[in-house]
Amino acid sequence: MVQHTASERIEEIQRLTQSLSDHAHASNWDDVAVIEAKRRPLLLNLFDGTSHLDVETSRALLKEVLSLDQQIMSLAQQQRDALAQSLRQLGQGRTAIKAYDSNTR
C-alpha cells in the first residue's frame, strides 16, 4: 500500500471537494455521491491523529471543506424542492385527468 504524506492527502481532499462542488452545480448527483464516498475516508484518516497536522492547516482545510459542503447542501436542497414541486404538479395533473374522465362518462 502506498503511503501518502499529509500534504498529498490534503491536496486530494481539496481536489475531491472541488469536484463535488462542480458536479453539484451541474446537477450530477450520482457523481456527487460517488465522489463524497471517496472523500469521506480520506478526511477521517487525515484527522485520525497520525498525520500530525498543525492547527492552522487543519483549520484552513476544514473551513474550505465546510464552506463548499454548505454550498453543495444548498444546491441539493434546491434540487429536492424542485423535484417535490414537479411531483405535486404531476399529482394535480393526475387528479384533473381522473376528474375529467369521471365527468365524460
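**Notebook: helices α1 and α2**

I looked up the crossing of α1 and α2 and found it left-handed (the near helix is turned anticlockwise from the far one by less than a right angle). By class, the contact of α1 with α2 has 12 nonpolar, four polar and six charged residues (Ala, Val, Leu, Ile, Met, Phe, Trp, Tyr, Cys and Pro count as nonpolar, Asp, Glu, Lys and Arg as charged, the others, Gly among them, as polar).

I noted that this is a predicted model, in which local features need pLDDT of at least 70 and side-chain atom pairs count only at pLDDT 80 or more, while totals for chains, interfaces and linings use all residues. Residues are numbered from 1 along each chain as its sequence is written, and side-chain values use heavy atoms, with hydrogens and water left out.

I then read the packing: α1 (residues 6-25) and α2 (residues 29-46) lie at an angle of about 160 degrees, with axes 9 Å apart. The two helices are therefore roughly antiparallel (angles over 145 degrees).

I compared the length of α1: its 20 residues reach 29 Å from first C-alpha to last, close to the 28 Å expected at 1.5 Å a residue. Just after α1, I found Ser27 with a positive phi of about 60 degrees.

Note on methods. Axes are lines fitted to C-alpha atoms, for helices over the stretch in contact, and angles run from 0 to 180 degrees between N-to-C directions. Helices (H or I, at least four residues) and strands (E, at least two) are DSSP runs, numbered from the N terminus. Angles under 35 degrees count as roughly parallel, over 145 as roughly antiparallel, 65 to 115 as roughly perpendicular and the rest as oblique. The expected span of a helix is 1.5 Å times one less than its number of residues.
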